[in-house]
Amino acid sequence: MLINLEGIDGCGKSTQSKFLMKKFEENNEKTIILKEPTNGKYGKKLWEMLSGKREATTEQILDLFVMDRKEHVKDKINPALKKGEIVLMDRYYYSTMAYQAAAGIDVNRIRKDNEFAPKPDIVLIFDLPADLAMKRVMGHSVADVFEKEEHLEKVREAYLNLKDDPLVRIIDSTRNPEEIFEEVWKLVSEVRNE
Ligand code: TYD
């Protein structure tokens, strides 16, 4: 089973992936959490670009995310799926369909560029307003807070544009982590029993 956790920075997806991992392991199901961007050769370049250490165009960034993912699918994702493990993806190609779409690239093209990647069984999008997400990440305000918030709100809109995708479930993430997890577990159980 392949589960993809998504949302803007500060949405709480990492906490939820840990909750999921714990629950599956209690049921004696081998589970692995994989993150993108990876720390492989393309992932390392991406981190430099995302942190502003290295300049790049939107197209170059998209290419790198795709190459990073190709390597990830081959080296980690497919082998884990073959072994029958439950794979929890903390970001996957739905991140590209939100972040790079918000940066101006056509979402259908992004979907096509990622057709090599195994489809998730379910995509959980943890949704909350950007100002709340930012407060969670930083706990205080910073100088460029307004620009960041505007950007994240755009990414949030791009995520919400995916709501009609049959794999996508939008989760109200303004609630507390335990309440959110109750819904997460219900949604995951539904697709498992299909
Ligand atoms: P993130 O998981 O937020 O890193 P961390 O929480 O460990 O700091 O991911 C880093 C950034 O990468 C995040 O802002 C979203 C961005 N990103 C994309 O723009 N496109 C993608 O395809 C992926 C996987 C991530």
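In this predicted model, methionine 49 touches Arg54, Glu55, Ala56, Ile61 and Leu64, with residues up to four places away in sequence not counted. Methionine 49 has its place in helix H2, residues 41-50, and is buried, its relative accessible area being 13%. Between the C-alpha atoms of methionine 49 and glutamine 60 the distance is 9.8 Å, while the two residues are 11 apart in sequence. Methionine 49 also belongs, together with Leu46, Leu64 and Phe65, to a separate second core of five residues.

**Nonpolar cores**

- In soluble globular proteins, nonpolar side chains tend to be buried together.
- The largest nonpolar core in this model has 51 residues, and those with the most contacts inside it are Ile3, Ile8, Leu20, Leu124 and Val184.
- Helix H8, spanning residues 177-192, supplies the largest share of this core, namely seven residues.
- Isoleucine 8, one of the residues with the most contacts inside that core, is in contact with Arg91, Tyr99, Phe126, Leu128, Pro129, Ala130, Ala133, Leu152, Val155, Arg156 and Tyr159 once neighbours within four places in sequence are left aside.

**Helix H4 and its packing against H3**

- The axes of helix H3 (residues 58-82) and helix H4 (residues 93-102) come within 11 Å and cross at roughly 175°, which makes H3 roughly antiparallel to H4.
- On the H3 side this contact is made by Ile61, Leu62, Phe65 and Arg69, and on the H4 side by Tyr93, Thr96 and Gln100; sorted by class, the contact comprises four nonpolar, two polar and one charged residues.
- Nine of the 10 residues of H4 are buried, so this helix is largely enclosed by the rest of the structure; the buried residues are Tyr93, Tyr94, Ser95, Thr96, Met97, Ala98, Tyr99, Gln100 and Ala102.
- The cover over the buried residues of H4 includes strand S1 (2-6), H3, helix H5 (107-113), strand S4 (122-127), H7 and strand S5 (168-172).
- Glutamine 100, which lies in helix H4, is buried at a relative accessible area of 8%, and, leaving aside neighbours within four places in sequence, glutamine 100 is in contact with Ile61, Leu62, Phe65, Ser95, Ile105 and Ile110.
- Just after H4, glycine 104 takes a positive phi of about 115°.

- In helix H6, residues 130-138, the buried residues are Ala130, Ala133 and Met134; they cover an arc of only 95° around the axis, which puts them on the same side of H6.
- Helix H7 (145-160) is included in what covers the buried residues of H6.
- Glycine 10, found in the loop between S1 and H1, counts as partly exposed at 26% relative accessibility, and glycine 10 touches Leu128, Ala133, Arg136 and Val137, not counting residues up to four places away in sequence.
- Although glycine 10 and glutamate 153 are 143 residues apart along the chain, their C-alpha atoms are separated by 12 Å.

**Backbone geometry in the loops**

- The peptide bond leading from glutamate 36 to proline 37 is cis, with omega near -5°, and proline 37 lies in the loop between strand S2 (31-35) and H2.
- Asparagine 28, in the loop between helix H1 (13-26) and S2, has phi near 60°, a positive value in a residue other than glycine; with 72% relative accessibility, asparagine 28 counts as exposed.
- Arginine 91, in the loop between strand S3 (86-90) and H4, likewise has a positive phi in a residue other than glycine, near 80°; arginine 91 is buried, however, with a relative accessible area of 11%.
- Arginine 91 is also one of the residues in contact with isoleucine 8.

Technical notes
Residues numbered from 1 in each chain as written. Predicted model: local features only at pLDDT ≥ 70, side-chain atom pairs only at ≥ 80, totals over all residues. Heavy atoms only, no water. Buried < 20%, exposed > 50% of the residue type's maximum accessible area, 1.4 Å probe, protein only. Helix = DSSP H or I, 4+ residues; strand = E, 2+ residues; numbered from the N terminus. Arc of directions from axis to C-beta. Contact = heavy atoms within 4.5 Å. Axes fitted to C-alpha atoms, helices over the stretch in contact; angles between N-to-C directions. Parallel < 35°, antiparallel > 145°, perpendicular 65-115°, else oblique. Nonpolar A, V, L, I, M, F, W, Y, C, P; charged D, E, K, R; others polar. Core = buried A, V, L, I, M, F, W, Y, C linked by side-chain atoms within 4.5 Å.
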